[in-house]
Amino acid sequence: VREATAWTFYQMSLSRHGCDIIVDTESANSIISSFMNFADPKKIREQSGKYLIYLLECMANTTKYDNGIEPLLGKGAVACLNTILKDSEQIQKLGIYREKIQQLSLKVVGNI
């Protein structure tokens, strides 16, 4: 169910209108919170890879717009993304999803 929900948010984020809905309904806050929870180096695991990719795709799409950047600020999201980019031993646990997750993390940081 979690993965299907993340996929739905990703699909919504493909249009500007969908991005606005995600931000206006404060769903962006939940997306960021969940991402940070599952990307925590102490909890990270390969089984969460697809889920994290969908959330990052959504975040990458919403941060193309100024109103989509604001929900990430002041929550430690940038620090979380930087941790993923450091490629620590914990991040290696993402297995086949590691590289895609790092690429998307860099894209989100770049958008911010």
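Predicted model: local features only at pLDDT ≥ 70, side-chain atom pairs only at ≥ 80, totals over all residues.

Guide: Residues are numbered from 1 along each chain as its sequence is written, and side-chain values use heavy atoms, with hydrogens and water left out.

Helix α4 is largely enclosed by the rest of the structure, because 12 of its 14 residues are buried. Here buried means under 20% relative accessible area, exposed over 50%, and partly exposed in between, with a 1.4 Å probe and protein chains only. Helices are DSSP runs of H or I with at least four residues, numbered from the N terminus. Among the buried residues of α4 are G49, Y51, L52, L56 and M59. The buried residues of this helix pack against α1, α2 (16-24), α3, α5 (66-69), α6 and α7, where contact means heavy atoms within 4.5 Å.

The end C-alpha atoms of α4 are 20 Å apart, which agrees with the 20 Å that its 14 residues should span at 1.5 Å a residue; the expected span is 1.5 Å times one less than the number of residues.

The largest nonpolar core has 28 residues. Such a core is a set of buried Ala, Val, Leu, Ile, Met, Phe, Trp, Tyr and Cys residues joined through side-chain atoms within 4.5 Å. Its largest share, 8 residues, comes from α4. L52, L56 and M59 are among the residues with the most contacts inside this core. Not counting residues up to four places away in sequence, L56 touches F35, L81, I101, L104, S105 and V108.

Key
Helix = DSSP H or I, 4+ residues; strand = E, 2+ residues; numbered from the N terminus.
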